[in-house]
Amino acid sequence: MTAHIVIGLVGDIGAGKGTVADYLEVKYKFHKHTVSDYIRSEARKRHIHPTRENLEKLSERLRARHGKDYFIRKVIQKVEKDGDEKVCIDGIRLSSDVKLVKNFFKPRVKIIFVTAPARIRFERMKKRGRPGDPQAWPEFLALERKEEKEFHLKKVFAMADHVINTARTKKELYKEIDKLVKLTRI
């Protein structure tokens, strides 16, 4: 059984994609799939410490071996296997992945670009404390440049159907998500 409704989240690092996905999961009962969780799972299988650098290297190796759509195919397979009615795919990074998700789930898919100003995202990343997250502003800017060069994120973001700016209180953000859900009849 194919999911009836799919929301794909794309966005800047530290923009709050996980917060949006969590809200959709709790309030609207979306089954959440996070692309980076699939990469972390592969790292655990190989006993690789999940730093940003290690996960990036592993991701590159697996994509080189199995195709650049390797992880999004895994997500789609899991969505199909689970048969959930509503699904949120958090952390889509490649334009080819957006195309694959849109083609596979059409017309039941919406891609949402989650964004916030760079300084806010940097502060959020410092607070969340994931291994490999930048702790200094120049390091954050270098990571942004690297991600844009590697993933061509501007192209990915331009493929979105809607934009959510998370530079607000959670209450205001949740109201915006509610409005979007109603507007798109999700």
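**Backbone, helix packing and side chains**

Analyst: At 74% relative accessibility, H47 counts as exposed. This is a predicted model.

User: Where does H47 lie, and what is its phi near?

Analyst: H47 lies in the loop between α2 (35–45) and α3. Most residues other than glycine have a negative phi. H47 is not a glycine, yet its phi is positive, near 55 degrees.

User: K29 has a positive phi as well; is K29 buried or exposed, and at what relative accessible area?

Analyst: K29 is found in the loop between α1 (17–28) and β2 (31–34). Its phi is about 60 degrees although K29 is not a glycine. The cut-off for exposed is over 50%, and K29 is exposed, with a relative accessible area of 61%.

User: Which peptide bond is cis, and what is its omega near?

Analyst: Most peptide bonds are trans. The bond runs from K106 to P107, with omega near -5 degrees.

User: Why do the buried residues of α6 line one face of the helix, and within what arc do they fall?

Analyst: Helix α6 covers residues 118–128, and its buried residues are R121, F122 and M125. They line one face because, seen down the axis of α6, they fall within an arc of 100 degrees.

User: The charged end of R119 sits over which ring, and how far from its centre?

Analyst: R119 places its charged end over the ring of W137. The distance from the ring centre is 3.7 Å.

User: How many aromatic pairs are there, and what are the distance and angle for Y23 and Y28?

Analyst: The count comes to eight aromatic pairs. One of them joins Y23 and Y28 and is edge-to-face, at 6.2 Å centre to centre and 80 degrees between the planes.

User: Which residues are linked with Y23 into a cluster by ring pairs?

Analyst: Y23 is buried, as is Y28. Ring pairs link Y23 into a cluster with Y28 and Y174.

User: F104 and F105 also form an aromatic pair; what is the relative accessible area of F105?

Analyst: The pair is edge-to-face, 4.9 Å centre to centre with 75 degrees between the planes. F104 is partly exposed, with a relative accessible area of 37%. F105 is buried, and its relative accessible area is 0%.

User: D97 is buried yet has no salt bridge; which side chain of opposite charge is nearest, and how far away?

Analyst: D97 is placed in helix α5. Beyond its neighbours within four places in sequence, D97 is in contact with R63, K68, D69, I72 and I92. A salt bridge needs a nitrogen within 4 Å of a carboxyl oxygen. The nearest side chain of opposite charge is R63, 4.1 Å away.

User: How far apart in space are R168 and A116, C-alpha to C-alpha?

Analyst: R168 is in the loop between β5 (162–165) and α9 (170–183), and at 34% relative accessibility R168 counts as partly exposed. Not counting residues up to four places away in sequence, R168 touches L173 and E176. R168 and A116 are 52 residues apart in sequence, and in space they are apart by 8.9 Å.

Technical notes: Residues numbered from 1 in each chain as written. Predicted model: local features only at pLDDT ≥ 70, side-chain atom pairs only at ≥ 80, totals over all residues. Heavy atoms only, no water. Buried < 20%, exposed > 50% of the residue type's maximum accessible area, 1.4 Å probe, protein only. Helix = DSSP H or I, 4+ residues; strand = E, 2+ residues; numbered from the N terminus. Arc of directions from axis to C-beta. Phe/Tyr/Trp six-rings, centres within 6.5 Å; stacked < 30°, edge-to-face > 60°. Lys NZ or Arg CZ within 6 Å of the ring centre and 35° of its normal. Lys, Arg positive; Asp, Glu negative; His and termini not counted. Contact = heavy atoms within 4.5 Å.
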